[in-house]
Amino acid sequence: MEPDWIEMLDRCSMALGVEFDATLARRALASVQPADASGADLPWFEAFSRVGKELGLRGDHFSGTVRAAAALSSPQRPLIAAIPRTDGTTRWIILSGRSGRKVRVGGGSGRLVDAATISHTLGGSSPRASLDWAIVSPVLGRDDPHDAHSGHDHGPGPISRLIAMMRPESADLRAIVLYAMGVGVLSLATPLAVESLVTTVAMNMLVGQVVVLTLVLLVCLGMAAIFRALQAYLAEVVQRRIFLRVASVLANRLPRIRVDGLEGQYGPELVNRFFEVVTIQKAAALLLIEGVAIVLQTVIGLSVLAFYHPLLLGFDLVVVAAMVFTILQLGRGAVATSLSESRAKYAMVAGLEEIARAPLAYKLNGGPEFARDRIDALARRYLTNRCEHYAIVFRQVVFSLGFQAASTAGLLGLGGWLVITEQLTLGQLVAAELIVATVVGAFAKSGKLFETWYDLMAAVNKIGHLYDLPEERHDGEHHPAVSARLGLRIRGLTFSYDGHREVLSNLNLDVAPGEHVALCGPSGVGKSTLADLMFGLIAPQQGHIAISGVNLRDLSLEALRHSIALVRGLEVVEGTVIDNVRMGRSSMTLSQVQDALREAGLLEALAALPLGLHTRLSPSGAPLSSGQSRRLMLARALAGNPQLLVLDEALDGVDLVQHGPLIRALFEPAAHRTVILITHRPDLVEFCDRKFVLSAPQESHGTTMAMTHGSAPNDTDRGIQWPTS
């Protein structure tokens, strides 16, 4: 029974945009079959309700006729029914709306079937028979993680984004259109020359006239070729500018993105959307050259045709109406399905990147099967969305090709009758056939242009999402009068995630200039959140933080981060060791880089490498060990000589005996540096002047801190025994 259930659950999940997990589905199915202690099976709709909850699907039981079920159904809220087979398997019917008196069976592009046939298939005696159904909808609060970023579809439309992106290229775009107009006018030289030639031959004119006609045509076509070459060159220039401009914008925006703007999303996977700039380049070039040419040739060619005879004007109207029908009516929904296809494509990329990101996890027993199930579900989702999108493109292509055949034959018949009745010359008939063949033939071949346009809309939308990521604030003082040694004052600090998950509440804390303070407490009480607040990554809902009497909100983030450094986790950039320490601080000398590495206890180890400080590091830190990479993060912070250093569990993996110089550099009073150490290690706490233990917020008192006092003007008073090796 399992395979048909899996397929049905997958189809329902795909229709509702909920991520499908085949492994979880099999486990849920095993828990309801057999259903109870008596061994009797649950009714299928109750089993579906239980299994669906595990997958983020809700199944509400409904009893009614096929027509009543069809009236309730839609692509976003399908209704399902089960047909048990004699071999123990189940056949499923999914209703997704109706059209007239027929019901759509399957997905959004499913086939239309009359209600009597469906009722008979389900075992009903007539369309009025009451049957069991399950109304499928997503469970409230369950979202597809791969579509967590899809909310940007509610921002500016793709066309608005495209106009904004192309506005800086307006001068070159006007030139391309002007060249296209020239090509369109000059292209009329061929049918007009043929018309004149046919008339010349029919009237037995001189050969000299034919030679002149040929030379004129050669000049016109030569100029048209030059205009096309200029078009192609300008389109290439526009492509280059688009690529560089998008890359420049993102390079400036990404470092300034608010951390809460990426909440629930994986940054590296999100940046994959930059590759859509290539789609924009190619699509824009094709549409600028081919699309504009088709439009102008159509307008100019049909205008000439209308001057030949009033009946041909009517023929022009039929051609234009057919084109409008193809684009607007047959193309309805194409942009939406293209966006769905694009989301499914990136969900597939995210799934593959996840496997590559955590190779050890997927090597565990069952890991390869889990990976295959996940990618298989994502691939089916992509294929379904792709088929729905291509169904729209294909019907446009089929209609265009059919209309090409009909219009060419129709014009021949109409023109032939006009020639016989002497209302049209033979030369005009031949010219009209050439014009229509060019116009309708180009339109018939524009199926690829339709798909290119839809791809362009999806690509612009994806790039637009990167543009829409919220940036950090830009205001505040850039050169505040802050003392050389920073003190910290926190009053009434309150912060909550999502507006309801409160982490810090009414927190108060004072840290004297040059003081070393340890923050401890169980996971989840807000220690890292407090570090983010001090570094300006997030802003409190209530209260404030002040350094040396200056509210952080009054400082620019650039000035704030010039004085404060936050060390957390491993963030090695691809480049040399020097690059990783400097991080763009061009005024930092090589001597300062060496001093920072020496303080972190890394200089000698790095000097022993074949390329020394010019050794290139991978994003994982190789060829450095994980411990060396952690100390490299400390060297990066120390190189900037921060007045306030916040260490978020950055020392929890450091061996105190082996790395004595590093500890000395961080906690040496002569460094005149305020240090806030977030740690779970009691031996590290001993190096600090005071220790605060945070606890979870309480309704009556907010976030509480148990404080251990201890003033220590020097090492001896602190009771610190510095490691000697």
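User: Which residues does Ala-622 touch, leaving out those up to four places away in sequence?

Analyst: In this predicted model, Ala-622 touches Arg-616 and Leu-617 once residues up to four places away in sequence are left out.

User: Where is Ala-622 placed?

Analyst: Ala-622 belongs to the loop between S14 and H22. The C-alpha atoms of Ala-622 and Glu-574 are separated by 9.9 Å, and these two residues are 48 apart along the chain.

User: How exposed is Ala-622?

Analyst: Ala-622 has a relative accessible area of 37%.

User: Staying with backbone geometry, what is phi for Asn-506?

Analyst: Asn-506 has a positive phi of about 50°, although it is not a glycine. In general, most residues other than glycine have a negative phi. Asn-506 is placed in strand S8 (residues 501–511), and its relative accessible area of 43% makes it partly exposed.

User: What about phi at Asn-641?

Analyst: Phi of Asn-641 is positive as well, near 50°, and this residue is likewise other than glycine. Asn-641 sits in the loop between H22 and strand S15 (644–648). With a relative accessible area of 54%, Asn-641 is exposed, because the limit for that class is over 50%.

User: Changing topic to helix packing: how do the axes of H12 and H15 run?

Analyst: The axes of helix H12 (residues 310–329) and helix H15 (residues 426–444) come within 12 Å and cross at roughly 10°. The two helices are therefore roughly parallel.

User: Which residues make that contact?

Analyst: From H12, the contact uses Phe-315, Val-319, Met-323, Thr-326 and Ile-327; from H15, it uses Val-436, Val-439, Val-440 and Phe-443. Eight of the contact residues are nonpolar, one is polar and none is charged.

User: How do the axes of H12 and H14 run?

Analyst: The axes of H12 and helix H14 (residues 367–420) come within 11 Å and cross at roughly 175°. H12 and H14 are therefore roughly antiparallel to each other.

User: Which residues meet there?

Analyst: On the H12 side they include Leu-311, Phe-315, Val-319, Phe-325 and Gln-329. Their partners in H14 include Arg-395, Phe-399, Phe-403, Leu-411 and Trp-417. The contact of H12 with H14 comprises 14 nonpolar residues, five polar and one charged. Phe-315 and Val-319 of H12 also take part in the contact with H15.

User: Next, the largest nonpolar core. Which members touch the most other members?

Analyst: Those are Leu-597, Leu-632, Leu-645, Leu-647, Leu-651 and Phe-667, in a core of 42 residues. Helix H22 (residues 626–639) provides the largest share of this core, seven residues.

User: What does Leu-651 touch, not counting residues up to four places away in sequence?

Analyst: Leu-651 touches Leu-634, Leu-662, Leu-666, Phe-667, Leu-677, Arg-681 and Leu-684. Another core, of 36 residues, lies apart from the largest one, and its members include Ile-545, Ile-676, Phe-692 and Leu-694.

User: What surrounds Phe-48 beyond four places in sequence?

Analyst: Phe-48 touches Trp-5, Met-8, Leu-9, Arg-58, Gly-59, Ile-80, Ala-134 and Val-136. Its C-alpha atom is 9.2 Å from that of Asp-60, which is 12 residues away in sequence.

User: Finally, the overall figures. How many helices and strands are there?

Analyst: The protein has 25 helices and 18 strands. Of its 725 residues, 46% count as buried. The protein exposes about 35700 Å², and carbon and sulfur atoms supply 59% of that area.

User: What share of contacts joins residues at least 24 apart?

Analyst: Among contacts between residues at least 6 apart in sequence, the share is 74%.

How values were computed
Residues numbered from 1 in each chain as written. Predicted model: local features only at pLDDT ≥ 70, side-chain atom pairs only at ≥ 80, totals over all residues. Heavy atoms only, no water. Helix = DSSP H or I, 4+ residues; strand = E, 2+ residues; numbered from the N terminus. Buried < 20%, exposed > 50% of the residue type's maximum accessible area, 1.4 Å probe, protein only. Contact = heavy atoms within 4.5 Å. Areas by Shrake-Rupley, 256 points an atom, 1.4 Å probe, with all protein chains shown as cover. Axes fitted to C-alpha atoms, helices over the stretch in contact; angles between N-to-C directions. Parallel < 35°, antiparallel > 145°, perpendicular 65-115°, else oblique. Nonpolar A, V, L, I, M, F, W, Y, C, P; charged D, E, K, R; others polar. Core = buried A, V, L, I, M, F, W, Y, C linked by side-chain atoms within 4.5 Å.
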